[in-house]
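Thanks for coming. I will go through one structure, a few local features at a time. Please have the sequence and the model open.

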Amino acid sequence: MKSYSKYLWFNTKNKQELINITPEVEKVLRESQIKEGLCLVNAMHITASVFINDDEQGLHQDFDLWLENLAPHKKDRYKHNLTGENNAHAHLKRTIMGREVVVAVTEGKLDFGPWEQIFYGEFDGQRRKRVLIKIIGE
Amino acid sequence: MKSYSKYLWFNTKNKQELINITPEVEKVLRESQIKEGLCLVNAMHITASVFINDDEQGLHQDFDLWLENLAPHKKDRYKHNLTGENNAHAHLKRTIMGREVVVAVTEGKLDFGPWEQIFYGEFDGQRRKRVLIKIIGE
Amino acid sequence: MKSYSKYLWFNTKNKQELINITPEVEKVLRESQIKEGLCLVNAMHITASVFINDDEQGLHQDFDLWLENLAPHKKDRYKHNLTGENNAHAHLKRTIMGREVVVAVTEGKLDFGPWEQIFYGEFDGQRRKRVLIKIIGE
């Protein structure tokens, strides 16, 4: 069994961003030379997400509004923010979107359906954060 | 390390359906002859889900109502639907339910608790879509 | 390829609890002697969750209120409860929080960001339930 790890760094311009990281994951998969196995991609910070969906700008705006409705910023609503933080909403948004994805590797490629793309979802940005890619297989 | 892949096809009669696919996954696991490892089961389309819960009809109706409340159809609410689609709600519903499950394989079986069953969750059906099963181990 | 499994048992004092299980998972990882691979941790019951977030009491109270708002107890609201159960809300809460996490194992350790901790989320407690830890790798 082979294994291969790589970390991607982010420091987003905006507090919230959705970034397509599929090309980076494909690059790391090629470096790994693994042909059959599983590829884990996860946010290493608890106010960020890695998820799979469509690379369509309208949908991304829909996600923003929808998440704001389900888990609004409103600083005073959250006990977590009594610690001096103001990012409780970001912990909740990331919970909806998910921490990680596991993708099958088949014949050296991410075994994806026609529209699947991997995104980094930042909900409390403007600081340095990491994503982990770990591939195991043969 | 062994690996084994299989695709399940769906073309649901209704726009939304929850289908128990546990027997199909167990069949693929037997074919694989893998005794210890991990089994990934994921939707390959971004308006569908694979998740684990209870095979109880009342609960499935509860899921339907709950998801409709959290992410209503309302076509005009979503920017994604300006592209000619009307399935933005289905992208959001699948986000709540999740894209994938990873199940432990122990002594040649899905290592499940008493009520765990694997479901395909279709939220924009009446067209051909796939689920991927990928098992790695020994 | 090596694999290693262990089950953790819970019987919570309260109906709902969030319990940090990171030390237990780290102990099982050391026992496994696996240095590079993947570690699956999942709830084996469908009204409980395993998730990764921050070990901060205020945030945990925020999670409780937020989940109660998204999926209230209200017994009469749910068809599932016509079966004699009163835990439909717990099935929904667990869906939001997720069934499982997959964590990378690197140099014999959980490959975590600075604040990542693994929690058992119980939403219908006061009975015996299990969590599964399965590690594969080398």
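**A loop residue, ring pairs and a helix crossing**

Let me start with Phe112(B), which sits in the loop between strand 6 (109–110) and strand 7 of chain B. Helices (H or I, at least four residues) and strands (E, at least two) are DSSP runs, numbered from the N terminus.

Before going on, the ground rules. This is a predicted model, where local features need pLDDT of at least 70 and side-chain atom pairs count only at pLDDT 80 or more, while totals for chains, interfaces and linings use all residues. Residues are numbered from 1 along each chain as its sequence is written, chains are lettered from A and ligands numbered from 1 in the order in which they are written, and side-chain values use heavy atoms, with hydrogens and water left out.

Is Phe112(B) buried or exposed? Its relative accessible area is 16%, so Phe112(B) is buried (under 20% is buried, over 50% exposed, partly exposed in between, with a 1.4 Å probe and protein chains only). Leaving aside neighbours within four places in sequence, Phe112(B) is in contact with Thr22(B), Ile52(B), Val103(B) and Ile118(B), and also with Met44(C) and Arg99(C); contact means heavy atoms within 4.5 Å. The C-alpha atoms of Phe112(B) and His60(B) are separated by 20 Å, and these residues are 52 apart along the chain.

Next, the rings. Over all chains, a search of the whole structure finds twelve aromatic pairs. Rings of Phe, Tyr and Trp (its six-membered ring) pair if their centres lie within 6.5 Å; planes under 30 degrees apart are stacked, over 60 edge-to-face, the rest tilted. One of the pairs is Phe10(B) with Tyr120(B), stacked at 4.1 Å centre to centre and 15 degrees between the planes. Phe10(B) is in strand 1 (residues 2–10) of chain B and Tyr120(B) in strand 7 (residues 117–122) of chain B, so the pair ties together parts 110 residues apart in sequence. Phe10(B) counts as buried at 12% relative accessibility, and Tyr120(B) at 0%. In chain A, ring pairs link Phe51(A), Phe63(A), Trp66(A) and Phe119(A) into a cluster.

Last, two helices. How do helix 2 and helix 3 of chain B pack? Helix 2 (residues 57–70) of chain B and helix 3 (residues 88–97) of chain B pack at about 120 degrees, with axes 10 Å apart. They are therefore oblique to each other. Phe63(B), Trp66(B), Leu67(B), Glu68(B) and Leu70(B) in helix 2 meet Lys93(B), Ile96(B) and Met97(B) in helix 3. For the terms, axes are lines fitted to C-alpha atoms, for helices over the stretch in contact, and angles run from 0 to 180 degrees between N-to-C directions. Angles under 35 degrees count as roughly parallel, over 145 as roughly antiparallel, 65 to 115 as roughly perpendicular and the rest as oblique.
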